[in-house]
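Hi,

Here is the structure I promised to pass on.

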Amino acid sequence: MTAPQQTPEDLTYRFNHRHLLGIEGLSPDEITYLLDLADTYVEQNRRPDKKSDLLRGRTIINLFFETSTRTSSSFELAGKRLGGDTMNMSVASSAVKKGETLIDTAMTLNAMHPDVLIVRHADSGAVKLLSEKVNCSVINAGDGTHEHPTQALLDALTIRRRKGRIHRLTVAICGDILHSRVARSNIHLLNTMGSRIRVVAPPTLLPTDIDRFGVEVFNNIEEGIKDCDIVMMLRLQNERMQGMFVPSIREYFRYFGLTSEKLTAAKSDALVMHPGPMNRGVEIDSDLADDLDRSVIREQVEMGVAVRMACLDALTRDTVVNTP
Amino acid sequence: MTSPRIAYLNARLLDPASGLDTHGALLIEDGKIADLGADLFKDGAPSVSKVVDCGGLCLAPGLIDGRVQLREPGEEHKETIETASRAAAAGGVTTMVALPNTTPVIDDVSVVEFMHRHAKEAGAVKVRCYGSVTRGTKGEQLTEMGLLAEAGAVAFTDGTRAVANTMVMRRALSYARGFGLMIAQHPEDPQLANGGVMNEGEIASRLGLGGIPAEAEIIMVERDLRLAELTGGRYHAAHISTRGAMEALRRAKTKGLEVSCDTAPHYFALNESAVGEYRTFAKVSPPLRSEDDRKAVVEGLADGTIDMIASDHTPSDQDSKRLPFSQAEYGVVGLETLLTLTLEPFHNGALTLLEALAKVTANPARVLRLDAGQLKRGAPADLVLFNPNTPWRIEEDAFHSKSKNTPFDGRPVQGRVIETIVNGRSIFRLEAA
């Protein structure tokens, strides 16, 4: 599946969207194209000279209404490696005036003629709203509990490079599905590509009607990860462990935390993934997280930069002036 | 000073209260209905100062909109009594009943008097108001219901907020009963609805939006009905949106409790899929529900469980709606589309024309005890002349309301207001297109 010798120019352009707001609605061909493109950037990122000038002269703005270190630095690096000018804006969000800040900030930034806006916001749908008000491409870097498309793409790339495919795999997504945009984007992507998905969580952390997303639902982790190819763990936010959704960290780890012992239920070559940042000892055992035979958590971070380069490339292609 | 005598001839007279549906004429004198019927003026031209040939169109009592947010005082950038009045007139509404969620809240006699005085200055449509059940709609201390009623408050509600505390609700129903007054509830359990912004279900889960389960409404209605039975108080459940609440109300009515309820057009004309991709104009409270709930609302209208249709007119300016879905204000404007949307269940065969009209005329008059909503001799000449069949498209740009937040923009509808008359005076006439 992977094509390490290829360069971005070898691939036929197959991504006809102005924005990347979510995985839902993308075709298998479009997803495959983004992953193929990302593969070429994995190679570029492993060379001593990691920089190209594909996005020379282009302005990319990271607009984060929610704090983030890894996603924003991953996007920043992706833009820089493609030779673009990247700028980071962290907008502290006051509870009341958030919305006004959103539209006002969008209009202000739009006036600076950016080529791509990368936006994260605490409210579902906020990135789509913003995309309707600006003239440039918008990449959703996570909106509320809705979608986080580049995370799903980097997970898919990680899986594809390890397993050689992303169809006909059994993938268990475990943990706080209710509040997870990562889970939603991954469900859409893996469903589109033809894998089987299981979600594993206590009922209080499952969205209503999740079974209608085309997933199997489990409330027991050993049953849920049985014979799986991939076990994806999700982060459980601190404020949700104090009795509102689950009674305690201790009880959560006991029944839903992943340990080497529980992992024996999965296939012997099953991979363990986590979008980070991890809560060691809450959703995943610390030793297991560091076990390089099973855990691909660090690889996910590497793939993240490549996938984001691919997304920036794909969204700016139609406006690129090709030099002879 | 004698008002002119005006004759409306060649009309289809429709009066849901008496079941009248006949071709005939109606005579207005001194702002009141002096006479009406099939035989009126049969023997020759009447001697009046003005004759209006209705061309066979429907002449019915003017609409009573039992739930309207006027936004005045306090939020005049969204609506004023005057702009709401113009919207009402264009919608065939001759009486608006204002919710107390203004700033200040209508929890004091002085605010009731302010409303009445301003309504009089604005002219046109009649304005009545609810008083709040609790001071500041905070859900704690009861208002002076007796004094407020004496000043003109027609019933009591905390408007867009539920009276959540069970003991407070019990005392409100109980105390109001002493004056024969009604408590209207926004039936939604605030704790169960907490964090929700649309109907709970697959669509909310896909959009990543917090869900409000139907049970938030059902639980509150069931609790309140128990309290109504316990206290013997008069209870009204506002904007019913779920099958479960409908069933509870149906049982209570069969039992003989003095309860009533209304719904708003969006609960029978739309379902949760109208939210689409975060359309804030489809964000209402209670939320648009499932298709099964929508059907239950139509059934409730047809079998009479739902007494009345009120628009729940809630004007919001751009700044309150052009926001991420979870931050946007709840509500839609509805005065100008009340009649045409009320006619939808008639055109769809669920209601007869008289049954549909009863939900916006005779029934709200009965529930809210208003001297309006009937064609009878001596009653105020508050009338609407309309063509039930005219096809047209709702256009928010054509609204008279200061706010344009409608989920129905562009919707093809049937039935249009031609003229609106209050106290015998024409306050709106549709300009020929």
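Between them, chain A and chain B bury about 1700 Å², with 52% of that on carbon and sulfur atoms. Buried area here is the accessible area (1.4 Å probe) that two parts lose on being put together, summed over both. On the chain A side, Ser124(A), Lys128(A) and Thr208(A) lose the most area to chain B, and together they make up 25% of what that side buries. In terms of contact (heavy atoms within 4.5 Å), 24 residues of chain A meet 16 residues of chain B.

Before going further, a word on conventions. This is a predicted model, in which local features need pLDDT of at least 70 and side-chain atom pairs count only at pLDDT 80 or more, while totals for chains, interfaces and linings use all residues. Residues are numbered from 1 along each chain as its sequence is written, chains are lettered from A and ligands numbered from 1 in the order in which they are written, and side-chain values use heavy atoms, with hydrogens and water left out.

Back to the interface of the two chains. The rule finds 11 residue pairs in polar contact across the interface of chain A and chain B, both residues being at pLDDT 80 or more. (A polar contact is a pair of N or O atoms within 3.5 Å; within protein, one must be able to donate a hydrogen and the other to accept it, and residues adjacent in sequence count only if both atoms are side-chain atoms.) On the side of chain A that touches chain B, the elements giving two or more residues are α3 (98-110), α4 (126-131) and α6 (181-193) of chain A. Helices (H or I, at least four residues) and strands (E, at least two) are DSSP runs, numbered from the N terminus. The largest share of that side, five residues, comes from α3(A). By residue type, the side of chain A that touches chain B divides into six nonpolar, eight polar and 10 charged. For this count, Ala, Val, Leu, Ile, Met, Phe, Trp, Tyr, Cys and Pro are nonpolar, Asp, Glu, Lys and Arg are charged, and the others, Gly among them, are polar.

Now the salt bridges, each being a side-chain nitrogen of Lys or Arg within 4 Å of a carboxyl oxygen of Asp or Glu. The count over all chains comes to 47, and three salt bridges cross the interface of chain A and chain B. Which residue of chain B pairs with Glu24(A)? The partner is Arg206(B), with the closest N and O atoms 3.1 Å apart. This pair runs from the segment before α1 (28-46) of chain A, where Glu24(A) sits, to helix α6 (residues 202-207) of chain B, which holds Arg206(B). Glu24(A) is partly exposed at a relative accessible area of 42%, and Arg206(B) is partly exposed at 23%; buried means under 20% relative accessible area, exposed over 50%, and partly exposed in between (1.4 Å probe, protein chains only).

Other salt bridges lie within one chain. In chain B, Arg86(B) and Glu82(B) form one with the closest N and O atoms 3.1 Å apart. These two are four residues apart in helix α1 (residues 81-90) of chain B, so about one helical turn separates them. Arg86(B) is partly exposed at 40% relative accessible area, and Glu82(B) is also partly exposed, at 45%. In chain A, a network of salt bridges links Asp36(A), Asp39(A), Glu43(A), Arg160(A) and Arg161(A).

Finally, the domains of chain B. The assignment gives domain 1 (5-59 + 381-399 + 411-429) and domain 2 (62-368), with bounds that come from an automatic or database domain assignment. Their C-alpha centres lie 28 Å apart. The area buried between domain 1 and domain 2 of chain B is about 2300 Å², of which carbon and sulfur atoms give 69%. In domain 1, Pro16(B), Phe399(B) and Arg411(B) lose the most area to domain 2, together 24% of what that side buries. Two salt bridges cross this domain interface, and Arg411(B) also forms a salt bridge with Glu344(B), the closest N and O atoms being 3.0 Å apart.

Best wishes
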